Amino acid sequence: MQTIETEVLIIGAGPTGLALAITLQQAGIRHLVVDKLATGQNTSRAAVIHAHTLEVLDSIGVSQTLADAGLKLVNFAYRDRSRALLSLRFDAIPSRFPYLLMLPQDVTERILAARLVSLGGSIARGETALKIDPAEESVTVTTSSASGGRTIRARYVVGADGMHSLVRDTAGIGFEGATYPETFVLADVQMEWPFGNTEVSLFFSPEGMVVVSPLPGGTYRVVATLDNAPEKPQLEDIQRLISRRGPRSGAAKITGLTWSSRFRLHHRLASSYRNGRLFIVGDAAHVHSPAGGQGMNCGLVDACVLGQLLAEVLHDKRPETALDLYGQLRRPAAAKVLSLAGRLTWMATLKGEGSRFVRNSVFTAANQLSPVKGKMQMDLSGLSRQDLSVLPQ
Ligand SMILES: Cc1cc2nc3c(=O)[nH]c(=O)nc-3n(C[C@H](O)[C@H](O)[C@H](O)COP(=O)(O)OP(=O)(O)OC[C@H]3O[C@@H](n4cnc5c(N)ncnc54)[C@H](O)[C@@H]3O)c2cc1C
């Protein structure tokens, strides 16, 4: 079996693995990226990139390309059916990217992969990491692929391998948390929509939450909680959700369905982000509800921070112990994101009439309070977690 050596092996070429690879490629660090999928995923999944993420991604040269490809929105409204309870605007946030950038995840991944290739990097697709053997001086990983397996010996291995991470399991890192009782429905649709394509709308309704976000190309992303959702939601299922939870009086009419999916969600946080030479990033380290659209964003920032640290350590600009900074910064950032997504999901899925009345009153009152709105904008855009992505000198 062929054996090759590298400085960093990245397992997984989702958005976080790709962002990490670009960071290392830019810094001239020898690395390898393997992904078990023969081609990149082609579903839209994460649909928003927030301001703070774009600021961080600017350091790897992709923010402008992402911004050019996406739809820039400045309005985010919490609504109870047609009534706006609280409206946030993102055009005045303290960022060079003062908007919510709507872009399907497959496009984001294509842009990241193209940037990696343009810098001379590559992705070994169709190659699965089967076994990881950490030792004192290096880590040995056995892979399999259609052309046979190989052995990769790396100084460090990063698990960008998603929620069911082999790297996390091998490292013996716990993944504490729970599973949401509801299933979630996701769909990209064409529709007649009373709020046009300038606002992300999060609807509270007794039947559960629904979020509608415009996407580039005239489609809309619909995300909703639903008990016992069908495996492949159909146009009629999405229409029913919107009619019962969205604006009143049948103002929204779905005319086409591009993609739909049902999934069960977890909220979990890894007990540590590192064990020796093994690291985890992105969904391997944290998963939570899509309310607020934070998951992929948090992972992309993880990747840039870890990439910068690995590069500085491998270039002897910092001692190896500095690698602990990664978990010290990014685990608290993910804990805040989990708490934000959890709060939004809990508020949006309140069922009792009394509690919904209190929630709506609080939101209506908060709509008059600029400091409260400012804090919500900073949390959603990620800017309030900015200090958790900056390495100390
Ligand atoms: C239906 C759905 C909707 C979502 N909606 C949103 C949203 O609205 N907003 C948001 O921010 N996030 C959303 N997310 C979450 C978002 O998609 C993830 O946060 C993001 O994909 C995480 O990126 P990642 O690179 O960490 O992991 P992943 O994208 O899961 O990538 C992991 C990669 O590792 C590879 N891999 C795994 N094991 C191995 C192995 N042993 N060997 C080789 N390769 C391996 C996989 O093939 C995969 O390509 C959604 C997710 C889903 C499923």
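The chain has 393 residues and a radius of gyration of 21 Å, which agrees with the value near 21 Å for a compact globule of that length; the radius is taken over C-alpha atoms, and the globule rule is 2.2 Å times the number of residues to the power 0.38. This is a predicted model, in which local features need pLDDT of at least 70 and side-chain atom pairs count only at pLDDT 80 or more, while totals for chains, interfaces and linings use all residues. Residues are numbered from 1 along each chain as its sequence is written, and side-chain values use heavy atoms, with hydrogens and water left out.

**Overall build**
- Along its principal axes, the C-alpha trace of the chain spans about 65 × 45 × 40 Å.
- The secondary structure comes to 10 helices and 19 strands, these being DSSP runs numbered from the N terminus (helices H or I, at least four residues; strands E, at least two).

**Cavity**
- The structure holds one cavity of 30 Å³ or more, where a cavity is a set of points on a 1 Å grid over the protein atoms alone at which a 1.4 Å probe fits but cannot get out.
- The largest cavity has a volume of about 100 Å³, a volume being the space filled by probe spheres set on the grid points, which are joined across faces, edges and corners.
- Its lining has 13 residues, of which His52, Cys298, Val301, Gly382 and Arg385 are the closest to the centre; lining residues have an atom within 4 Å of a point.
- Helices α2 (51-57), α7 (295-314) and α8 (324-348) each give two or more residues to the lining of the largest cavity.

**Second largest pocket**
- This pocket has a volume of about 300 Å³, a pocket being an open set of points with protein on both sides within 12 Å along at least five of seven lines.
- Among the 16 residues lining the second largest pocket, Thr23, Ser59, Cys304, Gln308 and Leu391 lie nearest its centre.
- Both α1 (15-26) and α7 supply at least two lining residues, and the largest share, five residues, comes from α7.

**Salt bridges**
- The whole structure has 16 salt bridges, each defined as a side-chain nitrogen of Lys or Arg within 4 Å of a carboxyl oxygen of Asp or Glu.
- In one of them, the side chains of Arg79 and Glu199 meet at 3.0 Å, N to O.
- That pair links distant parts of the chain, with Arg79 in strand β5 (residues 75-80) and Glu199 in strand β13 (residues 199-204), 120 residues apart.
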